[in-house]
Amino acid sequence: MNVKATIKCNCGQRIVAKDVMQTGYYLRLFGPSFVYVKFRCSRCKKLGEQFVKQEDWEDGILKDIPSEATQEEKSSFKAMGPISINEAIDFHFELERSNPLADLVKTVKIEETPEADQPAE
Ligand SMILES: [Zn+2]
């Protein structure tokens with residue numbers, strides 16, 4: 001996705017659809033028309049407003065920044081559901097072990113079998 005214009009709060013946080021409280025058009029007979037956006041920033045909670053030239057306004061402008069996760073990763077995360085309290089507790093105890101990172105690296109290496117899912121060439 002290539003977005004030419006984004007809306008940003010003064011604190012630098014990108015404004016997405018869920019932050020928007022009000023939008024409107026500011027139409028002019030001459031010169032560019034503007035889209036007016038009133039928002040509450042999700043990071044600093046301050047109200048802000050911005051005028052965006054109508055020609056710069058496009059569907060992607062209020063969409064979340066594309067995540068780095070691939071489609072397979074996304075559906076895999078979705079299938080896992082939200083992190084449960086039991087998982088959080090397990091994680092807490094994992095962190096109390098002597099060297100959890102080294103163990104984690106071992107686990108990841110064992111689970112990594114990249115050729116298994118690839119279609120044969
Ligand atoms: Zn902000």
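Biologist: Hi! Leaving out residues up to four places away in sequence, what does Arg43 touch?
Modeller: Arg43 touches Cys9, Cys11 and Gln13 once residues up to four places away in sequence are left out. Touching, or being in contact, is when the C-beta atoms of two residues, placed from the backbone, lie within 7 Å. Bear in mind that this is a predicted model, where local features need pLDDT of at least 70, side-chain atom pairs count only at pLDDT 80 or more, and totals for chains, interfaces and linings use all residues. Residue numbers start from 1 along each chain as its sequence is written.

Biologist: Got it. How far apart are the C-alpha atoms of Arg43 and Cys11?
Modeller: They are separated by 8.1 Å, with the two residues 32 apart along the chain.

Biologist: And where is Arg43 found?
Modeller: Arg43 is in the loop between β2 (34–40) and β3 (47–53). Strands here are DSSP runs of E with at least two residues, helices are runs of H or I with at least four, and both are numbered from the N terminus.

Biologist: Is Arg43 buried or exposed?
Modeller: Arg43 counts as exposed because it has 12 C-beta neighbours inside 10 Å. The cut-offs: buried is 20 or more other C-beta atoms within 10 Å of the residue's own, exposed is 12 or fewer, and partly exposed is in between, with C-beta atoms placed from the backbone.

Biologist: What about Lys45, where is its place?
Modeller: Lys45 is in the loop between β2 and β3. Lys45 counts as exposed too, because it has 9 C-beta neighbours inside 10 Å. Although Lys45 is not a glycine, it has a positive phi of about 65°. The two strands form a hairpin with six residues between them, and Lys45 is in that turn.

Biologist: How many bridges join β2 to β3?
Modeller: Seven, and these strands run antiparallel. Strands pair when DSSP finds at least two bridges between them. Going through some partners, Phe34 has Lys53 in β3, Phe39 has Gly48, and Arg40 has Leu47.

Biologist: And over how many bridges do β1 and β2 pair?
Modeller: Six, again in the antiparallel sense. Tyr25 stands opposite Val35 in β2.

Biologist: Which order do the strands have in the sheet?
Modeller: The order is β1-β2-β3, in an open sheet of three strands with antiparallel pairing. β1 (20–26) and β3 stand at the edges, each with a single partner strand, so one side of each has no neighbour in the sheet. Neighbouring strands are turned by 15° against each other on average, direction ignored. For that angle, axes are lines fitted to C-alpha atoms (for helices, over the stretch in contact), and angles between N-to-C directions run from 0 to 180 degrees.

Biologist: Changing topic: which residues make up the largest nonpolar core?
Modeller: Five residues: Ile7, Cys9, Ile15, Val37 and Phe39. A nonpolar core is a set of buried Ala, Val, Leu, Ile, Met, Phe, Trp, Tyr and Cys residues joined through C-beta atoms within 7 Å. Ile15, leaving aside neighbours within four places in sequence, is in contact with Ile7, Lys8, Cys9, Val20, Phe39 and Cys41.

Biologist: What share of the protein chain do buried residues make up?
Modeller: They make up 5% of its 121 residues. In β1, the number buried is zero out of seven residues, so this strand lies largely in the open.

Biologist: Now the helices. What pattern does the protein chain follow along the sequence?
Modeller: The pattern is β-β-β-α-α-α-α. Helix α1 (residues 71–80) is hardly covered, with a buried count of zero among its ten residues. Just after α1, Gly81 takes a positive phi of about 75°.

Biologist: And why does α2 lie largely in the open?
Modeller: Because the number buried among its twelve residues is zero. At 1.5 Å a residue, α2 (residues 85–96) should span 16 Å, and its end C-alpha atoms are 17 Å apart, which agrees. That expected span is 1.5 Å times one less than the number of residues in the helix.
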